[in-house]
Each structure stands twice: as C-alpha cells, then as structure tokens.
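Have the sequence and the model open side by side.

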Amino acid sequence: MVSLLETLERQIRRELGERHVLVWYDPGGTLSPVVEAMERKGLPQGWHLLRFRGSFLELKYLIGKSGALFKDRWLLYINRERPEPCPLLEYELFGVRWDKTLADLLADSFQLSLTLPLRRILAGERGKTLAAAWDRVMSQATPPLQPEELDRGLLAAALALEAPFTWEDAIVRILIQPDVLKTLQRLELAEVWSRLLEREMGLK
C-alpha cells in the first residue's frame with residue numbers, strides 16, 4: 001500500500017533539506033487530513049508543525065516564543081493562498097516556500113498527468129475528502145495514476161465504500177443511506193458519477 005502520509009513525509013524531508021523552515025501553502029486545505037495524521041503520529045524530536053488558524057501574527061509569535069528557530073525544524077502549514085504582501089516572507093527567505101496541494105502531490109509522486117479539470121476536481125472539499133479516505137479507497141494505486149482511478153476513489157470516499165466497489169454497492173448505499181446522496185451533492189460529484197456510468201456501463 002502506498003501511504004499518502006509516508007509519501008508526504010518523504011517529500012517534506014527532501015524539500016526542506018538542511019534548512020530550518022518550510023512555509024507550506026495548500027489552498028483549500030486539501031492535505032489537511034494528512035497533516036492531522038502527521039500530528040497524531042508525532043514528529044521527530046526537534047521538529048515542530050504549526051497550522052495557520054486565521055492569524056499570521058500568531059504563527060510568528062509562536063516561533064519567536066520558542067527561541068529555537070535556528071536550531072529546530074519548523075513546518076508552517078497554511079491552508080489558503082499565499083497573500084500579497086506576504087507576512088511570512090522573511091521565513092520563506094530564511095527557509096523555503098512550498099506550494100503543495102493534493103493535486104501537486106499526486107502529480108509529483110504518483111505521476112498523475114494534471115489538467116485544469118483534474119485540478120478542479122481535486123480542489124477544496126473534494127480533495128480533503130479523498131485525502132482523508134486515501135488508505136481505504138486508493139490503497140492499490142500505483143504510478144502512473146489514472147484519472148479513472150481518482151473518479152472511483154472520490155466516489156468511494158463520498159459514499160463511504162471500500163475499494164474496489166461495484167455499481168450495485170453504490171446504488172444500495174444511496175438507497176439505504178440517503179444522507180450519502182447529500183454528500184455527493186455537497187461535493188458536486190454528479191459529473192464524476194455520470195462520467196463513470198458512461199465509461200463503465202455505457203449509460204448517458
């Protein structure tokens with residue numbers, strides 16, 4: 001099984017190198033479930049993970065309060081677009097700026113050929129939903145990752161199904177648990193549902 005958490009940890013170590021600060025922008029928080037898993041697992045000694053909670057001043061205060069900027073390693077996770085002017089510019093210059101969403105991670109580590117429609121599908125709540133359920137619905141994924149695999153993974157995640165699932169599984173889940181239909185609507189996955197039906201069952 002290719003773990004999204006392990007994949008992300010390897011990329012972080014490679015990107016950070018010998019530097020002390022990684023300023024990481026993930027617009028829409030698509031990788032926030034993996035960041036939470038990283039926190040639960042625990043970071044190596046001397047590593048700190050700070051998440052943006054609405055205040056850049058708070059992040060700067062917490063780093064300054066520690067007095068360990070030049071000794072420890074810091075991951076600053078910002079679940080939004082980089083603002084202009086950037087309040088964390090000095091940390092970017094001292095360390096490294098990292099723009100990494102779920103779509104970017106899949107392109108880098110799973111050889112997903114990114115298109116604008118794929119970026120849209122993997123953005124925001126849809127990306128978070130897939131990232132949170134990755135180990136359950138995408139455990140068999142290997143590079144190069146195909147868009148069809150993402151479609152199935154997204155539906156499995158939204159419908160709380162195991163992968164691989166059958167269409168009978170999906171329809172029964174919707175019939176016995178009407179709330180999952182609301183999840184499909186909230187995540188705007190009607191397009192994905194229709195595309196899979198057409199591809200796999202010839203229905204339009």
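The report covers the strands, then the salt bridges.

The model is predicted. Strand E1 (residues 21–25) and strand E4 run parallel, joined by four bridges. Tryptophan 24 stands opposite tryptophan 98 in E4. Strand E4 (residues 96–99) has two faces: Val96 and Trp98 are covered, while Arg97 and Asp99 are uncovered.

The salt bridges number 16. Three of them are set out here.

| lysine 60 | glutamate 90 | 2.9 Å |

Take lysine 60 and glutamate 90, whose side chains meet in a salt bridge. This pair links helix H3 (residues 56–66), which holds lysine 60, to helix H4 (residues 89–94), which holds glutamate 90; the two residues are 30 residues apart. Lysine 60 is partly exposed, at 25% relative accessibility. Glutamate 90 is also partly exposed, at 38%.

Glutamate 92 lies in H4 and arginine 82 in the loop between strand E3 (73–78) and H4, so the pair ties together parts 10 residues apart in sequence. Glutamate 92 is buried, at 9% relative accessibility. Arginine 82 is buried, with a relative accessible area of 18%.

Arginine 126 sits in helix H7 (residues 124–137), and glutamate 188 in the loop between helix H10 (179–186) and helix H11 (190–201), 62 residues apart.

Salt bridges also form a network, which links Arg120, Asp151, Glu191, Arg195 and Arg199.

Definitions and conventions
Residues numbered from 1 in each chain as written. Predicted model: local features only at pLDDT ≥ 70, side-chain atom pairs only at ≥ 80, totals over all residues. Heavy atoms only, no water. Buried < 20%, exposed > 50% of the residue type's maximum accessible area, 1.4 Å probe, protein only. Pairing = 2+ DSSP bridges. Salt bridge = Lys/Arg side-chain N within 4 Å of Asp/Glu carboxyl O.
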